[in-house]
Amino acid sequence: MNSYQRVMATLMGQPVDRLPVFAVLGAYGAKLTGVDLRTLYSNAAAYVAGQQAVQSEFGFDLVMTPFVYTAISEAFGGETAWSDNQAPNIRRPGVRSAAEALLLPLPDPEQTGLLPVVLEATRRLANIYKEQVPVIAVLPGPGIMPALIIGMEQWMETVLFDEERARKLLDHTAPFFVSWANALLAAGADCLVITEGMASAEIAPRALFAERFLPLLTATFAQINGPKVLHHTGGRINHNLDLLPGLAGLLGVAVSSKDDLAEARRLIGADLTLIGNLDNLTLPMVSADEVYEMSLARLRTAGNSGHYILCNSAADIPLTTPTENLQAMLSAVAAYSAETGRGI
Amino acid sequence: MNRQVWSGQLLTFMINADRVGAAALVDKALAEGIEPRQVIADILDPAIVQLGRLWEEETMSLAQNFVASKIAEDTLLRCIPENSVSPQTKGAVVIGNIEDDFHSLGRKTVGLFLAAAGWDVHDLGNDVPAEDFLEKALEVGACVIGASAMMQTTALNIRKLRELIDSRGLAQQIKLAVGGAVFNWRPDLVTEVGGDGTARNAVGVDELCMRLQAQVCGEVTP
């Protein structure tokens with residue numbers, strides 16, 4: 001099986017030769033090719049070269065489209081803070097209030113700012129890897145999208161103290177979420193990973209998610225014709241897992257390193273794939289042997305169902321992570337396959 | 001109704017994100033003759049302490065904490081007359097997000113809780129260079145600087161501030177508090193960046209600052 005077949009079969013619950021293994025290595029491509037991060041995320045050719053270098057170096061079961069949310073905040077007028085050692089951040093949101101955001105036109109994925117660069121990188125990755133290695137696109141969920149436009153503090157203030165205006169803003173921005181998701185799929189992404197911050201226990205209580213944001217996921221997911229994974233966005237998500245089965249096109253959920261993996265399986269049922277649970281921040285701090293053991297422990301906990309993909313939790317793996325530690329993740333999957341009789 | 005009950009009710013409003021209900025409760029307490037400073041000390045403060053315990057148990061979300069900070073701010077505004085200056089503050093503290101860090105929500109919540117607890121808070125905002133932290137601390141006579149970072153990469157920039165404090169021979173006069181999501185996930189990072197202490201949440205920062213202030217003053221602390 002190639003990586004594409006392996007990942008798609010895992011997501012669909014079909015037999016595989018071994019479980020897939022992911023690592024979020026967008027910025028890492030710049031480390032391997034020697035370009036600065038601003039060039040990496042602003043130039044489709046540079047980004048694709050980075051992904052090719054990552055794929056050549058490690059052979060993980062995915063390539064990623066640019067994981068650069070500042071392209072979205074910029075498209076709504078925001079300013080970006082570039083860094084030498086991490087993916088860019090929002091220096092200043094485009095507008096300061098939900099009322100102003102309601103007056104903003106929605107960006108055109110093919111025209112506005114750096115969004116076309118992301119799509120071009122996606123097309124190029126698809127041309128190179130189509131049906132060989134899955135092309136995975138990451139995008140912010142519809143519930144957290146307004147935070148990229150007005151800033152997290154203003155968004156929380158609106159959600160918590162001005163419910164009607166929050167609803168209007170979600171209604172205003174949801175079509176962009178849908179059009180961006182469909183543009184990524186049309187450009188060649190095989191699967192969407194949707195990071196929905198409002199689903200995280202650290203951000204919002206279950207009741208708030210269930211009443212205000214789950215219906216939004218239900219409505220928007222139905223308008224996106226492609227496979228989807230819901231991502232925990234750094235915080236715990238187990239408290240909401242039982243609410244997620246049945247979302248249109250949802251094939252898996254990425255859980256955090258603080259979520260109990262066995263409990264996650266019980267909560268989400270048998271049909272959806274669980275992804276992740278390997279602590280991002282630990283990866284650069286421990287030895288390759290420790291990464292191997294951590295990986296193997298997770299595979300032994302969650303791999304039995306077949307619906308599991310080993311992966312780091314949260315966003316980009318820190319650039320200081322040694323290559324041996326990343327290779328240890330691959331070694332653990334191979335060892336687990338041998339241990340369980342799933343041969344490579 | 002005793003003040004413990006008042007405080008318990010305020011906590012319930014915080015947990016339920018009911019800002020209006022909390023405001024009504026504070027107004028009622030004041031109307032019944034409870035002194036404003038006692039509202040802060042006996043009703044608001046215990047509720048905040050209890051909130052911190054709930055955060056430690058990981059049963060509180062950022063949304064609930066955000067509402068709680070707003071309720072604390074509302075209570076202060078109701079209890080402290082406009083334009084009044086408290087004759088006795090706990091002291092000055094300088095806070096900000098370290099250079100390259102733009103995640104302001106946690107820092108702002110910390111500022112609100114510190115102000116509620118009686119500190120003279122100087123908030124420098126996002127993306128603050130080490131030199132600016134120290135300059136402001138010296139200007140206002142702060143014995144605690146609070147540097148916030150959400151990401152590991154930006155947390156490492158706090159080392160510059162540590163080095164600057166040490167190189168100026170101010171380590172005994174100015175203590176460095178560090179905080180932000182990454183320190184909860186990786187507590188060892190506090191030592192790595194040279195922090196003198198941390199708190200897991202905004203509610204705990206008052207106690208942390210008092211402990212660090214006591215160290216500066218030469219008091220014995222546990």
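Why does Leu184(A) count as buried?

## One buried leucine

Leu184(A) is buried because 25 other C-beta atoms lie within 10 Å. (A residue is buried if 20 or more other C-beta atoms lie within 10 Å of its own, exposed if 12 or fewer, and partly exposed in between, with C-beta atoms placed from the backbone.) You'll find Leu184(A) in helix 10 of chain A, residues 163-187. Helices are DSSP runs of H or I with at least four residues, strands are E runs of at least two, and both are numbered from the N terminus.

This is a predicted model, so to speak: local features need pLDDT of at least 70, side-chain atom pairs count only at pLDDT 80 or more, and totals for chains, interfaces and linings use all residues. Residues are numbered from 1 along each chain as its sequence is written, while chains are lettered from A and ligands numbered from 1 in the order in which they are written.

Setting aside neighbours within four places in sequence, Leu184(A) is in contact with residues including Thr65(A), Thr122(A) and Leu139(A). (Contact means that the C-beta atoms of two residues, placed from the backbone, lie within 7 Å.) Leu139(A) is 45 residues away from Leu184(A) in sequence, yet their C-alpha atoms are 9.2 Å apart in space.

## A helix with a buried side

Now for helix 1 of chain A, residues 3-12, where Ser3(A), Arg6(A), Val7(A), Thr10(A) and Leu11(A) are buried. They sit on the same side of helix 1 of chain A because they cover an arc of only 125° around the axis. (That arc is taken over the directions from the helix axis to the C-beta atoms.) An α-helix has 3.6 residues a turn, so residues three or four places apart point the same way.

What do they pack against? The partners are strand 7 (250-255), strand 8 (273-276) and strand 9 (308-309) of chain A. After helix 1 of chain A comes Gly13(A), with a positive phi near 80°.

## Where chain B touches chain A

Here, 20 residues of chain B are in contact with 20 residues of chain A. On the chain B side, helix 4 of chain B gives the largest share, 5 residues.

## Two domains in chain B

Chain B splits into domain 1 (3-79) and domain 2 (91-216), with bounds from an automatic or database domain assignment. Their centres, taken over C-alpha atoms, are 25 Å apart. Domain 1 of chain B puts 13 residues into the contact and domain 2 of chain B puts in 10.
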